[in-house]
Every structure is written in structure tokens, then in C-alpha cells.
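Please consult the sequence and the model displayed below.

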Amino acid sequence: MHHTNKGIIGLFIQFTDDVEIVDVDITQLHIFSDLGSSLCGEYDGPGDPGVIGFAGEGFMGNDARAVLITDAENLDMQALNIKQIFSESGKAIGIDVLDEATNIVLSDINICEVASFLDVPDGVDLPLPNENPSACGVTVSDTSTAKCGCEVVTVGALSAEEPCDAEFATLVDEC
């Protein structure tokens with residue numbers, strides 16, 4: 001496979017269609033990884049994996065995700081409890097909806113205690129291939145569509161950065 005390590009993932013959902021996931025608890029995912037290095041190749045940015053001829057993500061091996069959804073269609077997630085998702089030096093995300101995921105419905109979701117602990121001063125960027133650490137309850141990529149049920153609750157997302165993706169925040173406001 002030619003893809004970068006995505007760190008620790010509680011539930012990875014990929015290449016699915018018409019799936020329902022109900023009543024799942026994901027707790028205590030903690031990753032204590034060093035920052036990535038450019039020893040295996042040059043990076044143009046955090047979205048470049050340093051592999052010739054392959055476009056993808058930069059270093060993500062220090063990220064913690066409770067749920068990662070990619071290339072999925074018609075996914076209904078209900079009664080999901082996510083708690084204590086921690087990254088020492090990368091991103092911490094409750095639910096991450098990536099490439100080409102469509103018609104993803106989240107309802108009765110409880111996310112709390114999602115945190116990244118590396119303190120980076122304002123205006124300072126980590127060296128490539130790293131992105132600055134952040135924490136968020138739910139993120140949705142530009143190539144995916146997701147909507148929330150009115151019961152989505154996100155509590156305690158901690159970050160030095162803006163805690164959540166603006167696109168999903170709009171979806172939450174519409175509930």
C-alpha cells in the first residue's frame with residue numbers, strides 16, 4: 001500500500017455502502033509519538049507524503065482519531081460515545097470524514113475530552129512534514145458530505161487552534 005500512517009484509529013470505515021452503526025463506545029485512545037521527519041524524502045508541504053509520484057497526506061503518524069470515514073456511502077451512525085481521544089504532538093479528532101464520503105448521517109453522538117497537548121506559539125509553524133497540532137470533535141473534507149441529527153453534542157474539544165471545521169459547525173447550527 002502507498003499511503004501514510006494515520007496514527008491511532010478506533011474505528012476505520014472505508015469502501016462501504018449502506019451501513020448502519022449503532023450504540024458504540026470508543027474511549028481512551030492516547031498516542032505518544034514524536035513529530036515526523038523528512039529523513040525519507042523531501043516534503044513541499046504537510047499535504048505531501050514525500051513519496052515520488054504519490055499525492056496524499058504528510059506525516060499523520062502522531063494523530064489520534066476515534067472514527068475515520070473515507071470512500072463510504074450511505075452511512076448512518078447513531079448513539080456513538082467518544083471520550084478521551086488524546087495526541088501528544090498531532091491532531092486529535094473525534095470523527096474525521098475524509099475523501100469521497102457521501103450521505104453520512106450522524107445522530108445522538110456524544111464527543112468529549114478530545115485534546116492535543118503540544119503547545120505551539122501563535123504564528124509559529126512546525127517544520128515539515130508536520131502540521132500544527134489541533135483538536136476537534138468532527139471534521140468533514142471538502143470532497144465529502146455529512147449531516148448531523150439534532151442530538152449531536154460535542155463537549156470539551158481542546159486546542160490552541162480553532163477547535164472545529166467551519167463547514168461542520170455550519171451543519172451543527174442548522175440542526
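Buried denotes a relative accessible area under 20%, exposed one over 50%, and partly exposed the range in between, for a 1.4 Å probe and protein chains only. The model is predicted: local features need pLDDT of at least 70, side-chain atom pairs count only at pLDDT 80 or more, and totals for chains, interfaces and linings use all residues. Residues are numbered from 1 along each chain as its sequence is written, and side-chain values use heavy atoms, with hydrogens and water left out.

- Strands (E, at least two residues) are DSSP runs numbered from the N terminus, and two of them pair if DSSP finds at least two bridges between them.
- Of the 24 residues in strand E2 (residues 64–87), 17 are buried, so E2 is largely enclosed by the rest of the structure.
- Strand E1 (residues 8–31) pairs with E2 in the parallel sense through 19 bridges; Ile13 stands opposite Ile69 in E2.
- E2 also runs parallel to strand E3 (residues 91–97), with five bridges, and Leu68 has Asp96 in E3 as its bridge partner.
- Twelve bridges link E2 to strand E4 (residues 102–116), again in parallel; Met77 is bridged to Leu106 in E4.

**Asn62**
- Asn62 is located in the loop between E1 and E2 and is buried, its relative accessible area being 4%.
- The side chains of Asn62 and Ser89 form a polar contact of 3.1 Å (a pair of N or O atoms within 3.5 Å; within protein, one must be able to donate a hydrogen and the other to accept it, and residues adjacent in sequence count only if both atoms are side-chain atoms).
- Not counting residues up to four places away in sequence, the residues that Asn62 touches include Ile31, Asp34, Ser87 and Asn130, contact meaning heavy atoms within 4.5 Å.

Definitions and conventions
Helices (H or I, at least four residues) and strands (E, at least two) are DSSP runs, numbered from the N terminus.
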